[in-house]
Amino acid sequence: AGSFMLHPGVQLAVQWTDNAFYATEEGIESDTIYHIRPYITAQSTWSRHSLNLSLAADIARYDKYGFRDYEDYFLTLSGRVDVHNRSYLSYGANYMNLHEGLNNRDSEQGFEPTRYDMYGANLGYDHSFNRLSLGGSVAWTRLDFDDAYSFFDDVIDNQDRDQDRFSYTMRADYQFRSDMQVFASYQGYSVEYDEQFDRNGYSRDGDGYTLNAGVNFMMTGKLNGNLFASYNERSYDDPRLEAISGWAGGAGLQWNPTYLTSVYGTITSSIEDTTSHFASGYFRTVYTVRVDHELKRFLQLNAFVSYSDNDYQLLAGAPEGARAWDEIFRAGIGLNWFINRHFRLSASYDYEKLKTNVANDGYETNRIWLVLGYEY
């Protein structure tokens, strides 16, 4: 389409789950969920600068429990402006209208899905000297939650979760070898809630930062990625909420043992807010490994395992049964069949399990997916 490449498409998906409500041993119910996912992306083909735009939706209908039906929408824009030979300006904006899954144990769940809007914008600038590269960016994210109704028809007031997050990032990279580069980055952020006090009487406004330092590398074309150490800290305006801090290791690796097999591994950490009456927040660390293998040129096998550790910062006087930790294990396997340049058929299975110190709050669920995709 002129100087843009358009990629319209749609996915038709069927999902079966044996635990539609992510319930404990009591109240487990199975269901089949039907999805329609239309999308379109536009990518510029300019010799300089770039602009990308995408619009997508996920429309889901439950077979037995129609009150859990939802429609999610996604709009994203990103691009760059090539200022000089070694300098460029990057920008982005997005809007998403989403729902909160029942597997989120950190919020009050309603009879129908809890919906929220997410707005975002970012602006950055990068410049490369010789071996040294410097960059900086600013970003804004807005979360706006709708109220919900509980299973007992009570109104769940989610207005105390509406928030704005402002952040800025500085990064420096130095390439001391052709296949190795050291880097350091600092991200500072502030969180401001619309309401001064939440449903539990706490003021959760505050500030935080993340400091990363490590190395990017490439080894013989088979292994590349980065390894780094990370330190996170989050403080709150309310003196009753204890600050959260901690060290963690980080990584983003890709290993190609053969030309047909790729292995990806990541380790990430972050400090997350909570609505809990007994915690100021929690420190989350996620470990993920994914494998892609090409059985044939038109047939691809994939598998993944993921482990998430959520460590809550409990407040003084928290009762013994307060949520102190969650462990979430996920695993899955899938097969993609590229029928031709337009059609793709995939089938997959995934498993999810939550272990927690909260009595009778863990769950297990099995899901089977069948997806037919078409892209023009």
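What relative accessible area does arginine 284 have, and is the residue buried or partly exposed?

Tutor: Arginine 284 has a relative accessible area of 30%, so the residue is partly exposed. The scale is simple: buried is under 20%, exposed is over 50%, and partly exposed lies in between, with a 1.4 Å probe and protein chains only. This is a predicted model, where local features need pLDDT of at least 70, side-chain atom pairs count only at pLDDT 80 or more, and totals for chains, interfaces and linings use all residues. Numbering runs from 1 along each chain as its sequence is written, and side-chain values use heavy atoms, with hydrogens and water left out.

Now its partner. Arginine 284 meets glutamate 272 in a salt bridge, N to O at 3.0 Å. The term covers a side-chain nitrogen of Lys or Arg within 4 Å of a carboxyl oxygen of Asp or Glu. Arginine 284 is in strand E16 and glutamate 272 is in strand E15 (residues 261-272), so the bridge ties together parts twelve residues apart in sequence. Strands (E, at least two residues) and helices (H or I, at least four) are DSSP runs, numbered from the N terminus. Glutamate 272 is partly exposed too, at 22%. The structure holds 23 salt bridges.

Rings of Phe, Tyr and Trp (its six-membered ring) pair if their centres lie within 6.5 Å; planes under 30 degrees apart are stacked, over 60 edge-to-face, and the rest tilted. The count by this rule is 17 aromatic pairs. For tyrosine 282 and tyrosine 312, the ring centres are 4.7 Å apart and the planes stand at 35 degrees, so this pair is tilted. Tyrosine 282 sits in strand E16 (residues 279-296) and tyrosine 312 in strand E17 (residues 299-314), so the pair links distant parts of the chain, 30 residues apart.

Tyrosine 287 and tyrosine 307 are stacked, 6.1 Å centre to centre with 25 degrees between the planes. Tyrosine 287 is in strand E16 and tyrosine 307 in strand E17, 20 residues apart. Tyrosine 287 is partly exposed at 37%. Tyrosine 307 is also partly exposed, at 30%. Away from these pairs, Tyr168, Tyr186, Tyr209, Tyr231 and Trp247 form one aromatic cluster.

For comparison, take arginine 80. This residue is partly exposed, at 34%. Arginine 80 forms a salt bridge with aspartate 82, the closest N and O atoms being 3.1 Å apart. Aspartate 82 is buried, at 18%. The charged end of arginine 80 also sits over the ring of tyrosine 88, 4.0 Å from its centre. That calls for NZ of Lys or CZ of Arg within 6 Å of the ring centre and within 35 degrees of the ring normal. Arginine 161 lies over the face of phenylalanine 145, also 4.0 Å from the ring centre.

One more bridge: aspartate 69 pairs with arginine 61, the closest N and O atoms being 4.0 Å apart. Aspartate 69 is partly exposed at 25%, and arginine 61 is partly exposed at 35%.
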